[in-house]
Amino acid sequence: MADPRELLVVNEAASEFQKLFYDRFDKQRHTIDKMYVENAICNWNGTHYTGKSKIRDLVTSLPISTTMVTSLDAHPIAENAFNCKAILISILGSVTFRDSKERDFSHTFTLTKESNNANTYKIRFECFRFINEANGS
């Protein structure tokens with residue numbers, strides 16, 4: 001079981017991360033690749049993308065959006081899983097793309113700590129899925 005102080009730190013980091021991520025997602029997409037490790041993996045509604053440049057290309061191809069987070073949960077991952085500190089973040093929210101209706105989503109991230117910068121976590125794995133969609137896209 002995780003130390004309660006560690007849980008507090010992880011949840012504070014997750015809260016800051018989601019603010020930064022969705023601000024970039026909605027307003028600064030061209031810089032979003034800076035939040036990923038080089039060989040990051042993203043599953044976007046069942047479509048697989050590998051590498052931060054391909055993920056940036058996906059995100060920059062999406063229509064302008066406004067995102068609202070309604071729920072956030074975060075947990076530390078055992079250090080031996082990635083040979084570094086890591087965090088699992090689960091988010092529920094809604095997004096409205098230009099000229100579209102609001103859509104609910106689930107977004108899960110695995111962040112790992114960058115060894116050369118003790119205060120920086122980057123996205124290693126990500127899974128985004130619209131909720132209550134007949135075809136999942």
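Two strands are said to pair if DSSP finds at least two bridges between them. Helices (H or I, at least four residues) and strands (E, at least two) are DSSP runs, numbered from the N terminus. The model is predicted: local features need pLDDT of at least 70, side-chain atom pairs count only at pLDDT 80 or more, and totals for chains, interfaces and linings use all residues. Residues are numbered from 1 along each chain as its sequence is written, and side-chain values use heavy atoms, with hydrogens and water left out.

**Exercise 1.** Describe how E1 and E2 pair.

*Solution.* Begin with the sense: E1 and strand E2 (residues 47-50) are antiparallel, joined over four bridges.

**Exercise 2.** Identify which residues touch the most other members of the largest nonpolar core.

*Solution.* A nonpolar core is a set of buried Ala, Val, Leu, Ile, Met, Phe, Trp, Tyr and Cys residues joined through side-chain atoms within 4.5 Å, where buried means under 20% relative accessible area (1.4 Å probe, protein chains only). This core has 29 residues, and those touching the most other members are Phe17, Phe21, Phe25, Tyr36, Ile89, Phe109 and Ile123. Turning to the elements, helix H1 (4-27), strand E1 (36-44), helix H2 (52-61), strand E4 (86-97), strand E5 (103-113) and strand E6 (121-130) each supply at least two residues. H1 gives the most, with six residues.

Methods. Buried means under 20% relative accessible area, exposed over 50%, partly exposed in between (1.4 Å probe, protein chains only).
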